[in-house]
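Here are a few friendly notes to read with the model open beside you. Take the points one at a time and find each place as you go.

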Amino acid sequence: MRALVVDHSEAGPVRFADVDEPVPSAGEALVEIRHIGLNFGELNYVDQWPVGAVHGHDAAGVVVRAASDGSGPPEGTRVAVGMAPHAWAERVAVSPASLGTVPEGVDLADAAALGIAGVTPFRVLRKRSLLARSVLITGASGGVGHFAVQLAALAGARVTALVGSPERAAGLRELGADKVLTDLAETGDRFDLVLDTVGGPVVAQAWSSLAEGGTIHLVGYSSGQETTFPSGTLFGFGEPRSITTYGDMTPTGGELTDLLGLMAAGRLAAPVGLRGDWQDVDDAVQALFARKVHGKAVLDVA
């Protein structure tokens, strides 16, 4: 079967290859993949995976063989695959713990946009009550950012979206952002929670805008830049502020089910900014790296 595998050469980060068919264990379902969801991180930091390994973590498709131990969805079920290894292939063996059943009315391509981009902000934002609190989403024009803006607004927060340029602000107010900024200097607001996908100088700027008792959750570092805190800024009186890392790699099935339920109810939209055929994966990767994709890139598996 065909798959997208890790390529460390200049032609990378992924290439097509013929690979062996997956052999599911008793506790795994065999899923025929119809769509794959690309993520900036897994493509930009491809050197963290071995050459030739089937790449990718997010996809959607149909169960063609249920797990033989009786766990998980039956044959014929439409499913989203989230944060599972080796997902960018024609067929994948997946633990049911990493699957979410796709309800009627939800497009499989939209379901493929979940996974890392949807589950990450969902896990962060539900850690505390957001009702009437001020939340800042950095890198809001990306996949994680689009989901984060919607989820924070659904939770009752006052949402500020930070983007890199005016062109990348399109559609964020419609998703629930109360304010859309290109520079934190444009506001004097203090934030109770910051979900940061950018890293670099933005983190230091967000720290200066953090309210007493507030937290910055670091979920990405797409800028690739260092963060430097000016002398004295990490000292302060009042209720402690904090910076928290994120690295939750536990199974995603429960969160996928919740997010798909929100989609089916019309309360959550999939931020698919690029849709194409997986034959054109090189073009999609270049568009992601050039920051030309607003939201997620989803490719159809021919």
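1. **A term to begin with.** A residue is called buried when its relative accessible area is under 20%, exposed when that area is over 50%, and partly exposed in between. Please keep in mind that this is a predicted model. With that cut-off in hand, look at strand β12, which covers residues 210–218. Seven of the nine residues in β12 are buried, so the strand is mostly covered by this definition. For the protein chain as a whole, 50% of the 302 residues count as buried.

2. **The neighbours of β12.** Which strands pair with β12? On one hand there is β11 (residues 191–196), which runs parallel to β12 and is joined to it by five bridges. One place to look is aspartate 196, whose bridge partner in β12 is leucine 218. To get from β11 to β12 the chain passes through helix α6 (residues 201–208), and this β-α-β crossover is right-handed. β12 also runs parallel to β13 (residues 242–245), with four bridges between them. Here you can find threonine 215 opposite serine 242 of β13.

3. **The chain as a whole.** Step back now and count the elements: the protein chain has eight helices and 15 strands. Its radius of gyration is 19 Å, close to the 19 Å that the globule rule gives for 302 residues, so the chain is as compact as a globular protein of that length. Along the principal axes, the C-alpha trace spans about 60 × 40 × 30 Å.

4. **An antiparallel set.** Next, find β4 (residues 58–65) and β5 (residues 78–81), which pair in the antiparallel sense over four bridges. In this pair, alanine 59 stands opposite valine 81 of β5. β5 is also joined to β7 by three bridges, and these two strands run antiparallel as well. There, valine 79 stands opposite threonine 101 in β7. As you follow a strand by eye, remember that in a regular strand the side chains alternate between the two faces of the sheet.

5. **Threonine 101.** This residue belongs to β7 (residues 99–101). Is threonine 101 buried, exposed or partly exposed? Its relative accessibility is 44%, so it counts as partly exposed. Threonine 101 and valine 180 are 79 residues apart in sequence, and their C-alpha atoms are 34 Å apart in space.

6. **Phenylalanine 147.** For a contrast, turn to helix α4, where phenylalanine 147 lies. Phenylalanine 147 has a relative accessible area of 0%, so it is buried.

7. **The largest pocket.** Rolling a probe the size of a water molecule over the atoms shows where empty space is left. The largest pocket has a volume of about 1,300 Å³. It is lined by 49 residues, and the closest to its centre are Phe40, Gly41, Thr197, Gly220 and Ser222. Elements that each supply at least two lining residues include α1 (40–44), α3 (116–125), α4 (143–154) and β15 (296–300). By class, the lining has 22 nonpolar, 20 polar and seven charged residues.

8. **The second largest pocket.** This one has a volume of about 160 Å³. Among the residues that line it are Met1, Val19, Glu28, His86 and Arg91. Its lining divides into eight nonpolar, one polar and three charged residues.

9. **Backbone spots to check.** Most residues other than glycine have a negative phi, and most peptide bonds are trans. Where does this model depart from that pattern? Glycine 12 and proline 13 are joined by a cis peptide bond, with omega about 15°. Proline 13 sits in the loop between β1 (2–6) and β2 (14–18). Methionine 83 has a positive phi, near 55°, and lies in the loop between β5 and β6 (91–94). With a relative accessible area of 11%, methionine 83 is buried. Arginine 291 also has a positive phi, near 60°, and its place is the loop between α8 and β15. At 37% relative accessibility, arginine 291 counts as partly exposed.

Key: Residues are numbered from 1 along each chain as its sequence is written. This is a predicted model: local features need pLDDT of at least 70, side-chain atom pairs count only at pLDDT 80 or more; totals for chains, interfaces and linings use all residues. Side-chain values use heavy atoms; hydrogens and water are left out. Buried means under 20% relative accessible area, exposed over 50%, partly exposed in between (1.4 Å probe, protein chains only). Two strands pair if DSSP finds at least two bridges between them. A crossover is right-handed if, with the strands pointing away from the viewer, the path from the first strand over the helix to the second runs clockwise. On a 1 Å grid over the protein atoms alone, a cavity is a set of points where a 1.4 Å probe fits but cannot get out, and a pocket is an open set with protein on both sides within 12 Å along at least five of seven lines; lining residues have an atom within 4 Å of a point. Grid points are joined across faces, edges and corners, and a volume is the space filled by probe spheres set on the points. Ala, Val, Leu, Ile, Met, Phe, Trp, Tyr, Cys and Pro count as nonpolar, Asp, Glu, Lys and Arg as charged, and the others, Gly among them, as polar. The radius of gyration is taken over C-alpha atoms; the globule rule is 2.2 Å times the number of residues to the power 0.38.
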